[in-house]
Amino acid sequence: MVYKNYISGRWGSALSEETFVKRNPANKEERIGEFPLSGTRDVNLACQAAKEALPKWRALPMPTRGEIMKQFGDLLTEHKEELARIETREMGKVLNETRGDVQEGIDTAYYAFGEARRFFGHTVPSELPDKLCLTFRRPIGVAGLITPWNFPVAIPCWKLVPALLSGNTVVFKPSREAPHSSTRIVELLTEAGVPGGVVNLVHGAGTTVGEAILSHPDIGVVSFTGSVETGRRIAEACGKTLKRVSLELGGKNGQIVLSDANLDLALEGVLWGAFGTTGQRCTATSRLILEEKIYDEFLTMLIARAEKVKIGNGLNEDMEMGPLISEKQLEKVKKYVEIGKSEGAKLACGGEVYTEGECAKGYFFKPTIFAEVKPDMRIAREEIFGPVLSVIRVRDVDEAIRAINDSSYGLSSSIYTRDINKALKARQRIEAGITYINGPTIGAECNLPFGGVKNTGNGHREGGWTVYEIFTEIQTVYIDYSGKLQKAQIDTEQ
Ligand code: NAD
């Protein structure tokens with residue numbers, strides 16, 4: 001099957017007619033399809049279309065755009081199973097998880113439907129008599145959206161829906177590892193009533209399509225989710241043209257388990273956090289910090305369960321963990337296993353590719369646990385993005401918090417304890433954008449702010465009401481009804 005770009009309301013090939021092939025990571029012999037390998041000229045056309053469509057889209061009453069988002073949510077609901085299967089085939093995670101991913105898109109669309117009728121500004125007292133001061137939120141213009149592959153429906157929806165609801169038009173570049181889901185999303189947006197030119201889809205490489213978005217003068221805001229390395233490049237390029245840029249980057253998330261915790265609950269949490277999505281989540285649990293008293297007991301429980309995780313094609317409902325996304329990622333994970341061993345950490349389970357039966361055709365890797373990891377080891381500091389968990393032993397809660405904070409990232413964090421005082425004090429001291437108490441590091445809800453501190457981003461928050469700050473400008477308005485010149489901040493005699 002050959003797929004197309006969507007520019008100015010028309011589906012078409014890249015101007016160069018070049019394509020790339022996307023394959024199923026669970027079975028590299030299976031082709032998902034051929035997609036346009038676009039270039040700068042395609043991005044230029046998309047930007048022109050978005051610019052032309054802007055005045056009409058921006059002028060619609062916000063509740064009208066909200067109705068379209070509601071319709072989009074309804075269509076996602078109707079096609080939930082179809083989309084989940086598309087996702088699983090193209091990026092590998094198991095159906096249960098891809099269904100959740102689509103649900104996040106649905107929830108985001110319905111949230112926007114409500115938000116459309118409560119898009120608050122402020123009214124603020126004036127320092128002068130007979131003067132009204134208030135603020136409005138206005139669209140920025142054309143938004144460039146660049147997304148990763150690990151949440152192929154949720155992350156594009158996190159960006160497309162608020163960008164469009166706010167009145168922006170969009171040029172959307174999805175990952176080359178998840179082009180089919182994004183094509184379906186754009187089809188459903190158009191079916192929901194988003195006019196041609198308002199949303200434009202350009203497939204292709206980051207270094208060409210992505211770079212063309214960053215440098216295009218008509219793009220006013222870039223919203224990016226991906227790795228720290230790419231994020232740095234994006235911030236630099238957007239700095240040159242003074243574009244607003246929101247960056248949601250990597251993580252090295254830790255789960256603390258104190259000795260008074262419900263250990264069975266903490267065990268379920270870490271299994272889900274570390275091996276869900278094959279560890280390829282920005283919020284994946286990649287460090288487990290155990291208080292000394294329960295270290296041996298908990299580690300034994302954990303290894304026993306990790307060895308039983310069912311690995312295989314995510315389309316098989318019995319499976320718990322699918323493949324890694326690509327050969328490159330598989331090689332990276334293997335490399336980190338060697339690094340861990342050479343650093344002196346103890347390989348407690350896994351550590352090798354999984355090639356049972358049909359799995360030999362894909363990029364499968366066993367759930368891997370390193371014990372006796374020290375916070376200064378590379379496997380405790382660098383984002384691996386695979387099913388590799390580093391277990392760190394600590395004496396007490398103070399050492400646990402020092403360990404969890406000893407990271408250049410600060411996305412998600414978790415602490416398990418039955419002592420509410422300890423939990424709340426830890427919450428104050430943990431340096432992360434998200435903290436779960438008695439829950440794993442994953443499980444964000446679309447109606448709350450999402451993002452991290454330190455190298456995880458540049459201070460913006462997606463999700464909830466805060467994502468609308470990314471896609472809008474504030475206009476401050478003063479209305480003087482005194483009938484005379486009043487001078488603010490100038491001392492006058494009463
Ligand atoms: P990536 O940085 O390799 O690619 C992300 C996107 O950027 C892709 O669409 C890619 O084509 C594009 N890109 C690459 N180079 C570019 C350039 N020079 N200019 C413009 N665009 C360019 O990341 P990935 O491998 O797709 O995703 C995995 C990473 O994403 C991990 O680090 C993960 O932690 C992070 N992530 C973060 C969040 C979050 O919300 N914080 C969520 C999911 C994933």
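A pocket, on a 1 Å grid over the protein atoms alone, is an open set of points with protein on both sides within 12 Å along at least five of seven lines. A molecule sits in one if more than half of its atoms lie within 2 Å of its grid points.

This model is predicted: local features need pLDDT of at least 70, side-chain atom pairs count only at pLDDT 80 or more, and totals for chains, interfaces and linings use all residues. Residues are numbered from 1 along each chain as its sequence is written, and side-chain values use heavy atoms, without hydrogens or water.

The space it takes is the largest pocket. Next, select helix H7 (206-215), strand S10 (219-225) and helix H8 (228-240), the elements that give two or more residues to the shell. Helices (H or I, at least four residues) and strands (E, at least two) are DSSP runs. H7 gives the largest share, 4 residues.

Now colour by domain. Domain 1 (5-249 + 457-477) and domain 2 (253-437) both contribute to the shell, so the ligand lies between them. These bounds come from an automatic or database assignment.

Finally, show side chains. A polar atom of tryptophan 149 lies 3.2 Å from a ligand oxygen. For lysine 173, an N or O atom is 2.9 Å from a ligand oxygen. For glutamate 383, the distance is 2.6 Å.

Technical notes
Polar contact = N/O pair within 3.5 Å; in protein donor to acceptor, adjacent residues only side chain to side chain. 1 Å grid on protein atoms, 1.4 Å probe; cavity = no way out; pocket = protein on both sides within 12 Å on 5 of 7 lines; lining within 4 Å.
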